[in-house]
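Work through the exercises below with the sequence and the structure in view. Try each task before reading its solution.

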Amino acid sequence: MTSAATESRPYHHGDLSRALVDAARRILESDGPAALSLRAVAREAGVSPAAPYHHFKDKGQLLEAVAHEGWVALDSALTSARASAQNARDRMTSIGVTYVQFARDNPALYRVMYDCSRDKDALPETMKEEGAYCQVRDTISEQSGGDVTDIDLELATIAAWCAGHGLAEMISFKQFAPLKDLLGGEDAFLRAVFEHLGMFAKFDRG
């Protein structure tokens, strides 16, 4: 969705790439992926139709940049969640809740992040090497006390990630509404679900 005010929105010299990515995110969340094009992004950012081609050769490359920003934003959210938790067990729950909240609050961005990762040979560096995935792995490692093998740690991380991803996909199911009401809302429901995940029992040291 654009307007004359939007089209005239200024950007600082040297920040055009960021402005285009931000514009793409706004279009994704307001109108969906079908509405996204380099021309639409240029219009939303208030630049000429040719301007995006100085930074992105096509829509696919723009989406890759959007996905990258998504992984960075998710990593930042998980970092904050870990920092605010009281202990390793609470950190695991907190990052799970934060993960689902991020997916819930940024549905189109979340979808692009996975669509751009699905066919790659390796996970994005911003996800695995030093980002969101690593946050989950490190938290499980802390909870285990370092007494698990590398493969067990990796499998537990995958299990935790899949649990979060699955709940993110299902959080809007109407069947959950009674439990959400009983527990005091959606966020309380999310916390309760993650606290009941038995997959971390073998790492629990009380």
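**Exercise 1.** Which residues in H8 are buried?

Solution. The model is predicted: local features need pLDDT of at least 70, side-chain atom pairs count only at pLDDT 80 or more, and totals for chains, interfaces and linings use all residues. Residues are numbered from 1 along each chain as its sequence is written, and side-chain values use heavy atoms, without hydrogens and water.

Step 1: buried means under 20% relative accessible area, exposed over 50%, partly exposed in between (1.4 Å probe, protein chains only). Helices (H or I, at least four residues) and strands (E, at least two) are DSSP runs, numbered from the N terminus.

Step 2: the buried residues of H8 are Ala132, Tyr133, Cys134, Gln135, Val136, Arg137, Thr139, Ile140, Gln143 and Ser144.

Step 3: ten of the 13 residues of H8 are buried, so the helix is largely enclosed by the rest of the structure.

**Exercise 2.** Classify the ring pair of Tyr99 and Trp161.

Solution. Step 1: rings of Phe, Tyr and Trp (its six-membered ring) pair if their centres lie within 6.5 Å; planes under 30 degrees apart count as stacked, over 60 as edge-to-face and the rest as tilted. By this rule there are eight aromatic pairs.

Step 2: the ring centres of Tyr99 and Trp161 are 5.2 Å apart and the planes stand at 70°, so this pair is edge-to-face.

Step 3: Tyr99 is in helix H5 (residues 88–105) and Trp161 in helix H9 (residues 150–170), 62 residues apart, and the pair links these distant parts of the chain.

Step 4: Tyr99 is buried at 5% relative accessibility, and Trp161 is buried at 8%.
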